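Hi,

Here is the structure I promised to pass on. My notes on its domains and one of its sheets follow below.

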Amino acid sequence: MKRETPLLPISDAREAALFFVVGALCFLAALAALTTRGTYTAAKAWGAQIEGEVTVQLRSTDRRSAEAATHIVRDIAGVESARLLSRDEIDEALEPFFGSGGMPAGLPQPLIIVVEAVSDDGTLLAPQIEDVLIEHGLDAIAASNWQYSDDVKDLLAVLRMIAFGVVVLLSTTAIAVIAFATHAALLARRDIVDVLHLSGAEDRYIAGLFERRFWLLALKAGAGGAIAALMMTAMIVVTGAQAGEIEAQLLPQLSLDFWDFVILLVTPVAAGLAARMAARLTVMTSLRETL
Amino acid sequence: MSPFKPDLRDEPAVRLDGVTLRYDRTGEVLSEVDLILRQGSFTFLTGPSGAGKSSLLKLMYLAHAPTRGVIRLFGQQTAELKRKQLAALRRRVGVVFQEFRLLDHLTAFENAALPMRVAGRKRESYQEEVADLLRWVGLGERVDALTPSLSGGEQQRVAIARALINKPDLLIADEPTGNVDPDMGRRILRLFSELNKRVGTTVVIATHDLELLRDTDAPVITLNNGLLARDVERGGAA
């Protein structure tokens, strides 16, 4: 028994162009979603880290006293760990101000203890540390990083809104393009639609032909876009892992974990469903204009 | 059995009351047309080019709604039907379009089988039926040919097979013998006549082929400038 020829002709040049456009939009949408998630996750982790940290600056003292102070801090309840920054670490932190040669010899070397709190909130721990060190006769200023954390949270909120906007914009553009293409396809195949209509085909039967066609087209195009986004992400992740710390900061913060794969899998399905819905609405609306 | 059939057997197959048709930005193509075609009747529709024959047929096969007036098919007032009911009503009507309207990417067989496919029937259930009909119209050897490769006459015969495959209650043919030789023209007319007599199919044929009209004693309705004139001698039903 011969296989039935589809009632809509096999794809033509218009559909090839649409395939490319939908694929490109899915690629951009997936990449935007992955970048947003990666950046958001990284910023959230960094925010959590600095929220649980207290920085203690010691003044008018030498390194040996600073080491003793570090031991005192470690014994304070609520402190997970305390570490006196080495000279190299200080030089590295101040490199943007003094260059690779480090601090000039005449300037006093800052002594800084980085304290990690047991809880994620170092706000209450900072004054306690400061009091204990002052009791021991040390000139110390302890500060939690909550003010930076608030900045990070604000930044995250803005980032989330921008990313959401970009993803929504790309998705609606894809839907609009598909609806436009479906309408064009419908006009181009008006003869077929008319013959089917006059042969007694119900509206949903005719719409179903277009739905299946555009569902498969968008699904395949979306899969292509998602695979391209996966390859791009993998390339960025690998490049980031191989690059130095400063170079890595120039790249988007991307990862490839479970949820990233969920985003990549959902992208073609969402594109397919959007295409199907757009095709159905377009065809049904157009058919309702006929008797 | 169609849901329309049982209670409405005595209703005319086609009834037009005061039907007027006007396309956008044109004058009236049809004016106040009253027409009754009884079930089982065989009627010719003739008139000069541009008289409105094709427009009248389009109203009958539900391609257009009238600008004014009422159309009833098998007792059903078409303006009151839901879209699903209209689709079901269209499946009772076989149409041979003047310009054939075959689908170029389908074979002769697939074109002829289109109404079966649209009705949701499986290919194995109509395979023999379609092949037999195509053989009868002289296309037994061309069943797998794509329609663009067929001659005008062959395409017309595929269009006729498509109109007949569903054994319609109403057969509407717009110039069905326009592209075939006289012998095939007579065979087609004989087939329509057999359908009409044996199955009771209501047949309406638009033609300006005077030879065709001379060979038959069926009633003839004449359209002129959108107005109907009855052929009194032959008992035209206008």
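**Domains and a sheet**

Chain B is divided into domain 1 (11-92 + 168-232 + 234-238) and domain 2 (100-167), with bounds that come from an automatic or database domain assignment. Their C-alpha centres lie 23 Å apart. Domain 1 of chain B brings 12 residues to the contact and domain 2 of chain B brings 11, where two residues are in contact if their C-beta atoms, placed from the backbone, lie within 7 Å.

A word on conventions: this is a predicted model, so local features need pLDDT of at least 70 and side-chain atom pairs count only at pLDDT 80 or more, while totals for chains, interfaces and linings use all residues. Residues are numbered from 1 along each chain as its sequence is written, and chains are lettered from A and ligands numbered from 1 in the order in which they are written.

On the side of domain 1 of chain B that touches domain 2 of chain B, strand S7 (170-174) and helix H7 (182-199) each supply at least two residues; helices (H or I, at least four residues) and strands (E, at least two) are DSSP runs, numbered from the N terminus. H7(B) gives the largest share of that side, four residues.

Chain B also has an open antiparallel sheet of four strands, in the order S2-S1-S4-S5; two strands pair if DSSP finds at least two bridges between them. Strands S2 (28-37) and S5 (76-77) of chain B are at the edges with a single partner strand each, so one side of each has no neighbour in the sheet.

In chain A, the centres of domain 1 and domain 2, taken over C-alpha atoms, are 49 Å apart.

Best wishes
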